[in-house]
Amino acid sequence: MTSPVEIVSVGMVTAVGLDAPSACAAMRARLDGFQETRFVGSPAGWLTGAPVPLPRNWIGEKRMAHLAAGAISEAFGNHPQARGQTALILCLPEEDRPGRPVRDNLALLRRISEIVEIESHLRSRIVAYGRPSGHVAFDQARRLLASGEAPYVMIAGVDSYLTGSTISHYLSKRRLLTADNSNGFIPGEAAAAILCSRPQGNGFRLFGLGLSREEASIYNDQDLPLRADGMTAAYDAAFHETGIDMNRLGYRIADLIGEQYWFKQTALASIRLLRGRHEFQDLWSPAESLGNIGAAAVPLMVGMAWTAAGKGYAAGNPVLIEASSDAGACGAAVFAYGRRA
């Protein structure tokens, strides 16, 4: 088993709240940030999106930098002793995604560091795999912490699907939710940050992590049938590391962005692994309130679970958090409150 990683603080900037407490309260209350955007979705009208209500109308990399800086500042504000000794792992959209709101990854990292007023740690790095970036980041974070290279690691994710080129691309692929397409997602944007350390007590910890790849991705050109082999393998690896079977799981949080493909993938992975007697396992998704938030998804979902555990309204313990990308990358992680999952 790998050494656990403890979550000590979180931060969020979302369409339903500009900090973690308000965003989590809004998502718990089933509120959403959906509104008409300036983009035309179909001949019937404007496209629905979930923009963050920032005080200034920043665009492009400047907007991404301020979103991320807000989440990181909140996480540091709740645990100020971590300043100056934290490696930053920045989760970003896929390099080849049309309309990607970030042109220069390292320039964005520097801009965020300037806004937050922190020096870039020598071990800071970029992970650009879209929605499952956070799982890759946790794998890197636990290695950094176990080796003693950094006493704290900040995993921050920021993304936006609300750019002209992105909207045009996904409209052409019939991937967006419009008046004439019910099998689509709502484009959103958000930032979230998770401050991690080596275990300090009986807090909220990462116990198991699984990474895999799905051959029958949503874009697979061989028209392979979806069996959820990738997500099933990711689940299995996370449970194996944790030392539990799926019937011990309390609940799940998934990046179910709205299309049928992702619900089917999650359902198949569960059916293939869930054995024996078990309690009801609830399934949460931030997309119900925020739409598709890309690379911010995993840090935000972990923040949801951390907040729910701390405030006593979690749907069980432990929790599995999953995410997957259009290219087929799959990640699953098991978190639990206490010394054992």
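This is a predicted model: local features need pLDDT of at least 70, side-chain atom pairs count only at pLDDT 80 or more; totals for chains, interfaces and linings use all residues.

Student: Within what arc do the buried residues of α3 fall, seen down its axis?

Tutor: An α-helix has 3.6 residues a turn, so residues three or four places apart point the same way. The buried residues of α3 include Leu 108, Ile 112 and Val 116. Seen down the axis, the buried residues of α3 line one face of the helix, because they fall within an arc of 140°.

Student: Which residue caps the N-terminal end of α3, and what phi does Glu 117 take just after the helix?

Tutor: Helix α3 runs over residues 105–116 and reaches 17 Å from its first C-alpha to its last, close to the 16 Å expected. At the N-terminal end, a side-chain oxygen lies 3.1 Å from the backbone nitrogen of Leu 106, and the residue that supplies this oxygen as the cap is Asp 104. Just after α3, Glu 117 takes a positive phi of about 65°.

Student: How many residues of α9 are buried?

Tutor: The end C-alpha atoms of α9 are 21 Å apart, which agrees with the 21 Å that its 15 residues should span at 1.5 Å a residue. Among the buried residues of this helix are Val 298, Leu 300, Met 301, Met 304 and Thr 307. Helix α9 is mostly covered, and the number of buried residues among its 15 is 11.

Student: Where is the cis peptide bond that ends at Pro 318, and what is its omega?

Tutor: Most residues other than glycine have a negative phi, and most peptide bonds are trans. Pro 318 is found in the loop between α9 (297–311) and β11 (319–324). The bond from Asn 317 to Pro 318 is cis, with omega near 10°.

Student: Is Ala 228 buried or exposed, and what is its phi?

Tutor: Ala 228 has its place in the loop between β8 (204–213) and α6 (229–242), and at 0% relative accessibility it counts as buried. Its phi is positive, in a residue other than glycine, with a value near 60°.

Student: What is the relative accessibility of Arg 174?

Tutor: Arg 174 lies in the loop between α5 (164–172) and β7 (189–197), and its phi, near 55°, is a positive value in a residue other than glycine. Arg 174 counts as partly exposed, because its relative accessibility is 47%.

Student: What is the radius of gyration of the chain?

Tutor: The chain has 9 helices and 12 strands. The globule rule gives 20 Å for 341 residues, and the chain comes close to this, so it is as compact as a globular protein of that length, with a radius of gyration of 19 Å.

Student: What percentage of the residues of the chain count as buried?

Tutor: The cut-off for a buried residue is under 20% relative accessible area. Of the 341 residues of the chain, the share that counts as buried is 60%.

How values were computed. Residues are numbered from 1 along each chain as its sequence is written. Side-chain values use heavy atoms; hydrogens and water are left out. Helices (H or I, at least four residues) and strands (E, at least two) are DSSP runs, numbered from the N terminus. The expected span of a helix is 1.5 Å times one less than its number of residues. Buried means under 20% relative accessible area, exposed over 50%, partly exposed in between (1.4 Å probe, protein chains only). The arc is that of the directions from the helix axis to the C-beta atoms. A polar contact is a pair of N or O atoms within 3.5 Å; within protein, one must be able to donate a hydrogen and the other to accept it, and residues adjacent in sequence count only if both atoms are side-chain atoms. The radius of gyration is taken over C-alpha atoms; the globule rule is 2.2 Å times the number of residues to the power 0.38.
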